[in-house]
Structure formats: structure tokens, C-alpha cells
Amino acid sequence: MVLMPTTRTPLSPNGHTLPVYGMELAGSDNANSLITLSTDGKMRSWNLQQLEEPLDPKTDFVYPSKKPLSTTCVAFVDGDINSCVVGCEDGNAVSLIRHAPTPDDYIT
């Protein structure tokens, strides 16, 4: 018996355009979401019951030089779904704030 996914995310400019290498469940036991990161520099938050569209399709991380942040892994600070550290293809570890006031404030 071959098991197939019950929900599949379609290709969309609101989702990821390159492979996803990092994902983590963030939030509490009662209210959580799946956070995904990709080498395209995008972080997306997903409702686990509805994976067709991300909850926040506009979180794109770039270095100050405007180069996309090619992330390969993510770790959230315990109890804080807004702050995380990501590992990047270029060997850097970068501290991020998901809901910063401006895109220039995402990277701390």
C-alpha cells in the first residue's frame, strides 16, 4: 500500500519557489503553525489544516546587500515564535525577527 499526502501545497508565488530545507512547528499546544524556510530566502507560516496558501506570504529575508538569505535550517527561541536563528548556505548563522516593523529590521 502506497500512502499519499492528504494535502499538497500547489506551486504559487506566495509559497516557495526553491526547495524547503528547514521547518519547525511554532506556537503553543493549542495554537501552532508550521514555519518553513527555503533557499529562495522566504519564510512562510502555514496552518496545518490548510496547506494550500501560506498565512503570511510576504516574509522574504535578504542580506543588507539585497542578496536572498539562502536558509537551510531554523531554530526558534523557546516560547518566542517571533525570534529565530537560521543557518545559511554560505555558512553564516543569522538571528531573525519574523514580524519586524520593516524588512530592514528582519535581520538582527
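In what order do the 3 strands of the open sheet with β1 sit, and is the pairing parallel or antiparallel? The legends below take that up. This is a predicted model, where local features need pLDDT of at least 70, side-chain atom pairs count only at pLDDT 80 or more, and totals for chains, interfaces and linings use all residues. Residues are numbered from 1 along each chain as its sequence is written, and side-chain values use heavy atoms, with hydrogens and water left out.

**View 1. The open sheet β1-β2-β3.** The order is β1-β2-β3, and the pairing is antiparallel. Strands here are DSSP runs (E, at least two residues), numbered from the N terminus, and two of them pair if DSSP finds at least two bridges between them. At the edges we have β1 (20–27) and β3 (43–46), each pairing on one side only. From one strand to the next, the twist averages 25° (axes are lines fitted to C-alpha atoms, and angles run from 0 to 180 degrees between N-to-C directions).

**View 2. Zooming in on β1 and β2.** These two run antiparallel, with 7 bridges joining β1 to β2 (residues 32–38). Look for M23, which stands opposite T36 in β2.

**View 3. The open sheet β4-β5-β6.** Here, too, we have 3 strands with antiparallel pairing. β4 (71–76) and β6 (93–97) each have a single partner strand, so one side of each is left without a neighbour in the sheet. The twist averages 30° from one strand to the next.

**View 4. Zooming in on β5 and β6.** Strand β5 (residues 83–88) is joined to β6 by 5 bridges, and the two run antiparallel. Pick out V85 and you'll find its bridge partner in β6 is S95.

Technical notes. Helices (H or I, at least four residues) and strands (E, at least two) are DSSP runs, numbered from the N terminus.
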